[in-house]
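User: Please show me how to read this model step by step, starting with how its parts are named.

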Amino acid sequence: MKNLNQMKNLNSVVTQSKLQLHNTRNAFKFGSQLPFPTNYYSLYTSCSTGNGRTRTLSFTTNTAVFAQLKTSDNESRINKGNKKNKSTATKIEAPDPGGAPAVSGAGSGGDPKIPPPKVDSLRLKGLPKKVLSILSNLPLAIAEMFAVAALMAIGTFIEQGEAPDFYIQKYSENNPILGFFTWKWIFALGFDHMFSSPVFLATLTLLAASLMACTSTTQIPIVKVAKRWSFLQSAKSIRKQEYSDTLPRASIKDLGLILMGNGYEVFLKGPSLYAFKGMAGRFAPIGVHLALLLIMVGGTLSATGSFRGSVTVPQGLNFVIGDVLGPIGFLSTPSESFNTEVHVDRFYMDYYDSGEVSQFHSDLSLYDLNGKEIMKKTIKVNDPLRYGGITIYQTDWSLSALQVMKDDEGPFNLALAPLKTNGDKRLYGTFLPVENPGSTNLKGISMLARDMQSIVLYDQEGKFAGVRRPNSNLPIEIDGVKIVVLEAIGSTGLELKTDPGVPIVYAGFGALMLTTCISFLSHSQIWAFQDGTAVVVGGRTNRSKGEFPDDMNFLLDQVPELIDSSASNQSEIIGG
């Protein structure tokens, strides 16, 4: 707009200057055509006089302006070969913003040679706008969202992070899904780690670019326009609004006070008033887009920069965190917390009245490299331990050993092994050898356990011998061997992970909920114009359009009516 104003000033000055050189006194009119790229433009001006002659002014400028005035007489004489009549050229320096052009002098000769703009540079300058226009296309953004959702559904359907043999067996070439989808497609597209695969990340990046392009080309300009104080200077333009009314005897200042009391920002300029409220509703879509970007950035960071691992540790043993965790993506970077040692002090379980396991707990202690205890915590399901960006979850349990006394000797730790069953019940078993002189067959006492509550014992023939509870210290004699079950030693199943994207995702969802609620706020605008003693009022809103007229009527009903002082005095005299 500034360049356009400068061009208008140049147009006026140059036209007046050249017409004075030719002593043209007739009234004239001129029109301008202004096509220009950045910092380069051309102006064509035509002037008509009373004698029918036409004068054409043309100049092209980048930093300085060169103007040449030609008349129809000059052109005809030049075409006939009269070289004496040459057009006059005047150089006009381009003004500073707000200044007037200065005529530096006149001379003779042909048009100055101004280099034309480079086509390649103009194309490059227009390229970002074309890219933004494509990316901000709504159908494209919707297609990208559907693509992301489809990839996420596929990632849910296909098991993630399994060994290659698992996919080769389950998605074999002998039984392809849909007639073509096999393990080769899974490995080629990276669907065994979907959320860090190039296909998923590229689609997510494209969606993020569309969100940013939409914010830049649509939402930000809307906010800029909404922030301007746009005064309407006539009653006619106010009556064109969605809602309009006229207060026959009112003051625009009284209206402004009423609007301020109802939460409007009010601006007065002469007889015009402009008021608005709910500007936050205009900013909310930008906040929604930023929140979505935060969620995508956090999700991408979680998929490409995390560590994960799981371990089953018997009670009384320990492990180093860095030995368990493994990188998930190419951005995974270990921290100093990986050198922390975790000691399982105790593992125990809670039970329902029916005997089923209801909850299991692990008492954990953390130690640094120097053996100094850092922290202690008892974890359980849905109550993890967090330290240094690492989270330790209680996820599973098992039985690792059975501690017994044999003929008052021991204690002996007998390893428990999981046994296969037909149902989903767990069963662990162990074997206590018994010496039989003269026999080559190894026999012993079998012990079975479903949990840490009770142990079932069988003799050498496999016959039921009895049940004992750990820690009861109640002996049982089987085949002449006295046995005391001291303790069932459990193992805790732990899952460890680092997820640097979780705080960002949580912040994104929080911002998304907040900005979504704010976006329902109506952005209402009211204009008013003092037309004599009447006030013409108009307004519009972007939401709650059905309720807006009622709100406006409520506001206008509060505006006091002006009373004519002369009429009031006359009524008082008559009454007196």
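Analyst: Helices (H or I, at least four residues) and strands (E, at least two) are DSSP runs, numbered from the N terminus. This is a predicted model, in which local features need pLDDT of at least 70 and side-chain atom pairs count only at pLDDT 80 or more, while totals for chains, interfaces and linings use all residues. Residues are numbered from 1 along each chain as its sequence is written, and side-chain values use heavy atoms, with hydrogens and water left out.

User: Which peptide bond is cis, and what is its omega?

Analyst: The bond that leads from Gly-410 to Pro-411 is cis, with omega near 10°. Pro-411 belongs to strand 18, which covers residues 409–415.

User: At what angle do helix 10 and helix 12 pack, and how far apart are their axes?

Analyst: Two packed helices are described by the angle between their axes and by the distance between the axes. Helix 10 (residues 280–304) and helix 12 (residues 502–518) pack at about 160°, and their axes lie 7 Å apart; the axes are lines fitted to C-alpha atoms over the stretch in contact, with angles from 0 to 180 degrees between N-to-C directions. Helix 10 and helix 12 are therefore roughly antiparallel to each other, a word kept for angles over 145 degrees. Their crossing is left-handed, in that the near helix is turned anticlockwise from the far one by less than a right angle.

User: How many nonpolar, polar and charged residues does the contact of helix 10 with helix 12 have?

Analyst: That contact has 15 nonpolar residues, 8 polar ones and no charged ones. Here Ala, Val, Leu, Ile, Met, Phe, Trp, Tyr, Cys and Pro count as nonpolar, Asp, Glu, Lys and Arg as charged, and the others, Gly among them, as polar.

User: How many aromatic pairs does the structure hold?

Analyst: The structure holds 14 aromatic pairs, in which rings of Phe, Tyr or Trp (its six-membered ring) have centres within 6.5 Å. Among them, the rings of Tyr-274 and Trp-527 have centres 5.6 Å apart and planes at 40°, so this pair is tilted, whereas planes under 30 degrees apart would count as stacked and over 60 as edge-to-face. The pair links distant parts of the chain, with Tyr-274 in strand 9 (residues 272–277) and Trp-527 in strand 26 (residues 524–531), 253 residues apart.

Key. Angles under 35 degrees count as roughly parallel, over 145 as roughly antiparallel, 65 to 115 as roughly perpendicular and the rest as oblique.
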